[in-house]
Amino acid sequence: MDTESFRKYGHEFIDWLADYFENIEKYPVVPRVQPGEIIKQFPVSPPHSGEPMDDIFRDFQTQVVPGITHWQHPGWMAYFPANNSPESVLAELLTAGLGAQCMIWQTSPVAAELEERVMDWLRQMIGLPETFTGVIQDTASTATLTALLTAREKATGLQSNLKGIEKKLRVYAGTEAHSSIEKGVKIAGYGKENLRMIPTDDAFAMIPEALQQAIEEDLAAGYQPACVVAAIGSTSSMAMDPVDAIAAVCKKYNVWLHVDAAFAGTAAVVPELRDFMKGTELADSFVFNPHKWMLTNFDCTAYFVQDPGMLIQTFEIHPEYLKTAADKQVKNYRDWGIPLGRRFRALKLWFVIRSYGIEGIQAMVREHVRLAALFADWIREDKRFEIMAPVQLSLVCFRLNPGGMNEEQLTQLNQEFLQKINSHGDVFMTHTSLRGKYTIRLALGSRTTQERHVKKAWEIVQQAADEILP
Ligand SMILES: *Cc1c(COP(=O)(O)O)cnc(C)c1O
């Protein structure tokens, strides 16, 4: 493609995206396609000769867009948000155009230094103390794996004093912890059987006394406790583990504390919502995803550690071909995580934070939290429904429960109910299971979601209930 065509199609694509943002409500949130239907449209063999961009772009519109799930739709109330913003999209375009591979300082000095700066902005924004240093990772799963590997390194370092005694390492997390913890435990080589799931209370938060008991039992049985993962905003119900009490237990037994605030972390930008951060100043590592609720398109995970030295010790390698004269004065982020290659992700964060300012992000979070509380009020007022977990931030867990039904019947009823809600096309919600009870989740966080969309969701919910109940 010559530069004139690049210019022409660039303008055309931005126009298309601007129209998409403007008209996104006209699409059903989830595409109406059957499994395997889409792949049949694409030729079995790759083209031998290059094809004109007009054809490719036409097929993008006719074959790709109809199969997209619209995460940026105002009716996106499923799983968790992965919101973006025009500012972030434009920055991502620039990143792609610059095409820099930012593995070390020398391979793009500004990528390293801007990352250092914006990560410290983020640290200040969420109220973490100056003792924390940040680095961008691709996902929270990777950051949690990174924490587990660092905790393992630290624990085995401690073990080297034990002269030949190799103790089995243990990891602890609440029963509501995200699946990335179990996955990380498997990848990091702890062994799945060495992950202890700690009981949670009525609000689905980890019970610190139960954690302490588990650690003492393990010590007595000859294990070495290596890492505790606390959740700020569990995936199922946005439950808040009491980080301060958990941190006290971790300090007592010298165990690494990693805090997973993947979704909820953004809410810490709002001072009156920040209570859940109590105790995080004592954590060893902390993760949250600007790519969930902070207007920064996927992927961009913020990972903070108290001791970058320990992190670097876990990951650094010194091949001759990567040595540079600047190594002693700069941050080479290849040593701060798993991959060597790194995208210039700091650029989109810089664009987002500068465009919205702290106030802009606070306003968005406050509005989502207000709308979730509003929806929860409507649910509470209608006796056909039941709230299933304390309403935290922008998540409401609820179900239909007209009375006189057992759990099995309620599960079946609510499966049908959710299907009816989603068949409408204007909203999309998903479910979870809380203590074995089928639960529907309304999770807000799309940049475009306004009160009228939540009202619409409530109308759809009521209508589905009218239709399904005798
Ligand atoms: C979404 C989420 C994750 C996983 O995040 P990725 O960035 O997709 O790996 C982990 N923990 C919690 C609590 C989450 O909400």
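The model on display is a predicted one.

Next, keep helix H6, residues 179-187, in view and select Ser 180, Ile 181, Gly 184 and Val 185, which are buried. The spacing follows a general rule: an α-helix has 3.6 residues a turn, so residues three or four places apart point the same way. Just after H6, select Gly 189, where phi is positive, at about 85°.

Now move to strand E6, residues 285-288, which is covered on both faces. Ser 285 and Val 287 are buried on one side, and Phe 286 and Phe 288 are buried on the other.

Strand E5, residues 256-260, pairs with E6 in the parallel sense over three bridges; here Val 259 has Phe 286 of E6 as its bridge partner. Strand E7, residues 301-305, pairs with E6 in the antiparallel sense over four bridges; here Val 287 has Tyr 303 of E7 as its bridge partner.

Finally, select Lys 348 in helix H11, residues 346-381. Is Lys 348 buried or exposed? Its relative accessible area is 0%, and under 20% counts as buried, so Lys 348 is buried. To display its surroundings, select the residues that Lys 348 touches beyond four places away in sequence: Ser 88, Ala 91, Glu 92, Thr 296, Asn 297, Phe 298, Asp 299, Cys 300 and Arg 343.

Definitions and conventions
Residues are numbered from 1 along each chain as its sequence is written. This is a predicted model: local features need pLDDT of at least 70, side-chain atom pairs count only at pLDDT 80 or more; totals for chains, interfaces and linings use all residues. Side-chain values use heavy atoms; hydrogens and water are left out. Buried means under 20% relative accessible area, exposed over 50%, partly exposed in between (1.4 Å probe, protein chains only). Helices (H or I, at least four residues) and strands (E, at least two) are DSSP runs, numbered from the N terminus. Two strands pair if DSSP finds at least two bridges between them. Contact means heavy atoms within 4.5 Å.
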